[in-house]
Amino acid sequence: MAGGWERARGATGDVARRFAGSMASAGRATVGGTRAAGRAALGGSRAVRRGTKRLTHAQGAGRTGLGGLIELSAAHSAGDALIAVALAGTLFFGLPVDEARGHVALYLLITMAPFAVVAPFVGPVLDRFRSGRRYVMAGTLFARGLLCWSMAAAVPSGDAVTLFPAALGVLVLSKAYNVSRAAIMPVVLPANIGLVAANARVALFTLVAAGVMLPVGAGLTALTGPEWVLRGTMVLFFVAGVHAVRLPRHVDSPDLDLGPESGPREGRPWRTLFNVGPIVGEAMRANAGIRLFSGYLLFYLLFLVQEDRLPGLDPAVTLGALAAAAGAGGLLGAAIASWARGHSPRLTVLGMPAAAAVTGVVAAVLFNVWTAVALALVAALAQELGKLALDAIVQEEIGEEVRSSTFGVVEALLQIAWVLGGLAGLLMSLYSQGPAGLTVVAGTLFVLLGWLLVSRRRTGGEQGTGSGLTTTEVLPHPVPGHGDGQSQTQSHTKPLTNPHG
């Protein structure tokens with residue numbers, strides 16, 4: 001009997017040892033698999049990072065600082081996308097499409113008009129800190145990070161008193177970053193890349209970054225809640241702020257000394273902005289027309305779909321198709337401008353409203369959901385290409401001492417035009433069944449185009465500087481991308497354009 005117990009106990013021990021060995025082997029296999037998966041994921045992320053770096057630093061962009069600016073702008077755009085997703089259900093970003101038109105109009109005025117009024121004051125402040133542009137850009141990123149932290153505390157409780165000013169501050173600081181980034185583009189421009197192509201490269205990466213982060217942010221919001229997405233966005237902005245400080249030192253432009261004959265500096269930027277010249281003025285008017293067209297289309301088509309006056313598909317599917325077409329149009333416009341070579345920005349700013357107007361007429365004649373989708377795509381493409389051309393013209397024609405101020409006024413003008421277009425689209429959706437509303441806005445673009453052509457004919461296609469302000473600047477820093485790296489002195493008797501070209 002005792003021997004039977006001994007044999008049973010031995011068999012049980014063998015089974016236990018085999019089971020323990022199997023569990024240990026399984027644990028080692030699991031750990032090994034996890035390590036392999038981690039190494040594969042890390043290797044994949046490194047490969048993506050290396051591939052992205054090759055694209056952003058191509059054609060000498062890494063030497064001049066353009067590559068770093070592209071990466072910084074992509075991070076900035078990703079943060080904006082995360083904020084939009086996190087606040088999608090709040091009053092600030094939640095567009096009440098199912099409410100009365102009066103509520104939507106109030107939404108436009110409350111969320112857009114104050115920002116458009118504040119924007120012109122951003123540029124002159126940035127012009128006064130040209131010698132510390134890296135720190136200004138970093139400051140906008142750090143400040144947005146802190147505002148994200150405050151919004152994260154306000155979202156769960158619905159504290160509108162905290163949420164609304166913080167969200168408005170995030171938008172204003174985002175525009176301040178964009179104005180500063182556009183103003184320094186000529187400083188980081190490689191010799192073999194044009195301004196339109198460089199602006200397009202930045203726009204392309206920012207659009208891709210935002211497109212990637214939108215679904216990621218939506219998933220994280222569903223899993224963790226909007227407050228944790230905002231806290232993560234704060235970390236992203238802080239890291240981007242450190243990256244901004246690490247941009248090349250020549251991003252910080254020295255203050256210009258125009259001599260005693262130029263008069264006091266105070267107030268001069270605003271006087272100069274009222275005389276930007278025919279080239280910049282033409283580009284601004286053309287882009288304002290395109291923005292008015294885009295704002296009109298957004299709200300006009302939105303209410304046509306909501307009231308089932310755009311037949312062909314389910315309303316939810318139609319809205320998705322219109323949104324996808326608009327996103328694809330913006331991405332296509334940035335890609336075309338990035339790859340195209342030798343095209344004139346002045347020709348582009350006239351060609352884009354013409355293309356949008358012609359497409360609007362065709363959509364009015366062949367009125368259905370597919371022509372509306374095509375019109376949304378062309379309008380977004382025209383808006384993107386027109387804005388890239390406008391940025392290049394301002395960077396070429398406006399002196400550095402008032403360039404940020406000019407960009408601030410440009411952004412405000414375009415925002416006001418978009419709001420006015422949206423309000424007109426709301427009003428027209430009350431009285432038009434579809435084709436007539438598209439005909440009206442397309443006809444308005446044709447009138448604007450005719451005015452621009454007549455104005456160009458009267459000025460005889462005048463070339464030259466935008467504001468007429470002449471400057472002389474000595475650049476004491478090495479000009480990157482030009483070989484020996486020795487300090488070079490450049491004198492400009494016209495508004496500064498590309499110090500590297």
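## Helix 9 against helix 13

Helix 9 and helix 13 cross in a left-handed manner (left-handed if the near helix is turned anticlockwise from the far one by less than a right angle, right-handed if clockwise). In this predicted model, local features need pLDDT of at least 70 and side-chain atom pairs count only at pLDDT 80 or more, while totals for chains, interfaces and linings use all residues. Residues are numbered from 1 along each chain as its sequence is written, and side-chain values use heavy atoms, with hydrogens and water left out.

The axes of helix 9 (residues 195-224) and helix 13 (residues 315-339) come within 7 Å and cross at roughly 145°; axes are lines fitted to C-alpha atoms, for helices over the stretch in contact, with angles from 0 to 180 degrees between N-to-C directions. Helices are DSSP runs (H or I, at least four residues), numbered from the N terminus. On helix 9 the contact (heavy atoms within 4.5 Å) includes V196, A197 and A200, and on helix 13 it includes G330 and L331.

## A nonpolar surface patch

L207, V208, V212, V216, L220 and L331 form a nonpolar patch on the surface, with about 430 Å² of accessible area together (Shrake-Rupley method, 1.4 Å probe). Patch residues have over 30% relative accessible area and no salt bridge, nonpolar side chains being joined within 5 Å and like charges within 9 Å. Helix 9 gives the most to this patch, with five residues.

## Salt bridges

The whole structure holds six salt bridges (a side-chain nitrogen of Lys or Arg within 4 Å of a carboxyl oxygen of Asp or Glu). In one of them K175 pairs with E411, the closest N and O atoms being 3.2 Å apart. K175 lies in helix 8 (residues 160-184) and E411 in helix 16 (residues 403-431), so the pair ties together parts that are 236 residues apart in sequence.

Key
Helices (H or I, at least four residues) and strands (E, at least two) are DSSP runs, numbered from the N terminus.
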